[in-house]
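Please look over the chain below before reading my comments. They are brief and go point by point.

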Amino acid sequence: QVHLLESGGGLVQAGGSLRLSCAASGRSTYAMGWFRQAPGKESEFVAAISRGGGIRYYDDSVKGRFTISRDNAENTMYLQMNSLKPEDTAVYYCAARISATVTREKNYDYWGQGTQVTVSS
C-alpha cells in the first residue's frame with residue numbers, strides 16, 4: 001500500500017508561482033505523475049516522471065512553465081509551477097504506480113486526495 005499526501009496549493013495571482021509537493025509513504029513506487037481537475041471538467045494529465053528522473057512527460061499546456069522532479073531519498077515528488085494562468089485553476093492530484101513505465105494515462109495504482117490551486121486574473 002502507498003499513501004500519497006499533496007501540499008503546497010493555494011491562491012496566487014496570474015503570473016505567479018507555486019510549488020506542489022507529494023509525500024509518499026509505504027511500499028516503493030516507480031513512475032509518478034500529476035493530474036488536475038477543474039470544476040465541471042474531466043481530470044487531465046499534467047506531468048509524469050520516472051523513478052530515476054530521466055524520463056519526464058508534460059502536457060503541452062504546461063510545457064515550459066511547469067517542472068516535475070522527485071527526491072527519492074525523501075520519497076517526495078514536486079511540481080514547480082511558474083507563469084501561472086487562470087486556466088491552471090484546478091485540484092491537483094499526485095499519482096504513483098508500481099510499474100516503471102511512465103505514462104500520460106490515468107492507470108496509476110495510487111492517488112492522493114488533491115490540493116487546490118487557484119489562479120486569479
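The points below cover the model, its sheet, its cores and a few loop residues.

1. This is a predicted model: local features need pLDDT of at least 70, side-chain atom pairs count only at pLDDT 80 or more, and totals for chains, interfaces and linings use all residues. Residues are numbered from 1 along each chain as its sequence is written, and side-chain values use heavy atoms, with hydrogens and water left out.

2. Four strands form it in the order 1-3-8-7, with antiparallel pairing. Strand 1 and strand 7 stand at the edges with a single partner strand each, so one side of each has no neighbour in the sheet. From one strand to the next, the twist averages 15°. Strands here are DSSP runs of E with at least two residues, numbered from the N terminus. Two strands pair if DSSP finds at least two bridges between them.

3. Within that sheet, strand 7 and strand 8 are joined by six bridges in the antiparallel sense. Phe66 stands opposite Met81 of strand 8. Met81 is also among the residues of the largest nonpolar core that touch the most other members.

4. Next, strand 4. Five of its six residues are buried, so strand 4 is largely enclosed by the rest of the structure. Buried means under 20% relative accessible area, exposed over 50%, and partly exposed in between (1.4 Å probe, protein chains only). Strand 4 pairs with strand 9 over six bridges, antiparallel. Trp34 stands opposite Cys94 in strand 9.

5. Strand 4 also pairs with strand 5, again in the antiparallel sense, over five bridges. Phe35 has Phe45 of strand 5 as its bridge partner.

6. Which residues touch the most other members of the largest nonpolar core? They are Leu4, Trp34, Leu79, Met81 and Tyr92, in a core of 28 residues. Such a core is a set of buried Ala, Val, Leu, Ile, Met, Phe, Trp, Tyr and Cys residues joined through side-chain atoms within 4.5 Å. Strands that each supply at least two residues include strand 1 (2–7), strand 3 (18–26), strand 4 (32–37) and strand 9 (90–96). A second, separate core has seven residues, including Ala31, Phe45, Val102 and Tyr108.

7. Beyond neighbours within four places in sequence, Leu4 is in contact with residues including Cys22, Met32, Cys94, Tyr110 and Trp111. Contact means heavy atoms within 4.5 Å.

8. Is Ser50 buried or exposed? Ser50 is buried, with a relative accessible area of 9%. Ser50 lies in the loop between strand 5 and strand 6 (56–58). Setting aside neighbours within four places in sequence, Ser50 contacts Tyr30, Ile55, Arg70 and Val102.

9. Two residues other than glycine have a positive phi. Asn75, in the loop between strand 7 and strand 8, has phi near 55°. Its relative accessible area is 45%, so Asn75 is partly exposed. Ser83 is in the loop between strand 8 and strand 9, and its phi is about 50°. At 42% relative accessibility, Ser83 counts as partly exposed.

10. Lys85 sits in the loop between strand 8 and strand 9. Its relative accessibility is 34%, so Lys85 counts as partly exposed. Leaving aside neighbours within four places in sequence, Lys85 is in contact with Arg65 and Val119. Lys85 and Leu5 are 80 residues apart in sequence and 24 Å apart in space, C-alpha to C-alpha.

Methods: Axes are lines fitted to C-alpha atoms, for helices over the stretch in contact, and angles run from 0 to 180 degrees between N-to-C directions.
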